[in-house]
Amino acid sequence: MEGAGKSTQIRLVADALKEAGIKPVVTREPGGTRSGEAIRAVALDRDLQLEPVAELLLMLAARSAFVREVVRPALEAGRTVLTDRYELSSFAYQGGGRRLPLDVVIELNKLATGGLSPDLSVVLDVDVDQGRARQARGTADRIEGEEGAFHERVAAAYRELAHSRPDVALVDGRGEIERVFAAVWEALSSRFPETFPPRRC
């Protein structure tokens, strides 16, 4: 969710992995490739008006390049991949927020990714108003700048996805950064202890 601190948490997870001797591939989406970054600039341009289907297709075009140029090669090389957003964002933003049919979004996403889904998606749950208040004023992109009702639909979609899918972990994103990190790491460690070993408090 917006302002939940996901960029900070992904950095902390990456740092902890490096301490454990694992060098992850850390990237973001939409983006992560030359074409993906160009598409990102269009999709998030505050001066553009995009209808929901066009927005979805732009996101999926960037994701297709991202999977083929970054994620699959990394996985084939045995690397651990951490990405700031992926398919769950489309399900929540374009499905929940834009009210596109979720089954259609899911099927188009499969086409874009070749069926490559994450082992786990971690959703940082924060109150919409609090999350938006955390963001730097005046820097909101086209989607971040949407009205509160849109972001409430996105948040509701994320929570529903977390409750209905075993490959999604919902973590309370409120409170101190280290406390949130401990909860994120626990969500990862409980499923993949060989990669994310339990950490001592």
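The following legends describe close-up views of a predicted model.

**View 1. Asp-167 in the loop between α7 and β4.** Helix α7 covers residues 148-164 and strand β4 covers residues 168-172, with Asp-167 in the loop that lies between them. The side chain of Asp-167 is joined to that of Arg-165 by a polar contact of 3.1 Å. Leaving aside residues up to four places away in sequence, Asp-167 touches Pro-118, Asp-119, Leu-120 and Ser-121.

**View 2. A nonpolar surface patch with residues from α3 and α5.** Val-53, Leu-57, Val-104, Leu-108 and Leu-111 make up this patch, which has an area of about 420 Å². At least two of the patch residues come from α3 (52-76), and at least two come from α5 (102-113). The most is given by α5, which supplies 3 residues.

**View 3. Val-53, a member of the nonpolar patch.** Val-53 is found in helix α3. Its relative accessibility is 39%, so Val-53 counts as partly exposed, a class that falls between buried (under 20%) and exposed (over 50%).

**View 4. Gln-130 in helix α6.** Helix α6 is formed by residues 128-134, and Gln-130 has its place there. Gln-130 is partly exposed because its relative accessible area is 44%. Asp-141 is 11 residues apart from Gln-130 along the chain, and the C-alpha atoms of the two residues are separated by 18 Å.

Conventions. Residues are numbered from 1 along each chain as its sequence is written. This is a predicted model: local features need pLDDT of at least 70, side-chain atom pairs count only at pLDDT 80 or more; totals for chains, interfaces and linings use all residues. Side-chain values use heavy atoms; hydrogens and water are left out. Helices (H or I, at least four residues) and strands (E, at least two) are DSSP runs, numbered from the N terminus. A polar contact is a pair of N or O atoms within 3.5 Å; within protein, one must be able to donate a hydrogen and the other to accept it, and residues adjacent in sequence count only if both atoms are side-chain atoms. Contact means heavy atoms within 4.5 Å. Patches are made of residues with over 30% relative accessible area and no salt bridge: like charges are joined within 9 Å, nonpolar side chains (Val, Leu, Ile, Met, Phe, Trp, Tyr) within 5 Å. Accessible areas come from the Shrake-Rupley method with a 1.4 Å probe; for residues, only the protein chains shown count as cover. A salt bridge is a side-chain nitrogen of Lys or Arg within 4 Å of a carboxyl oxygen of Asp or Glu. Buried means under 20% relative accessible area, exposed over 50%, partly exposed in between (1.4 Å probe, protein chains only).
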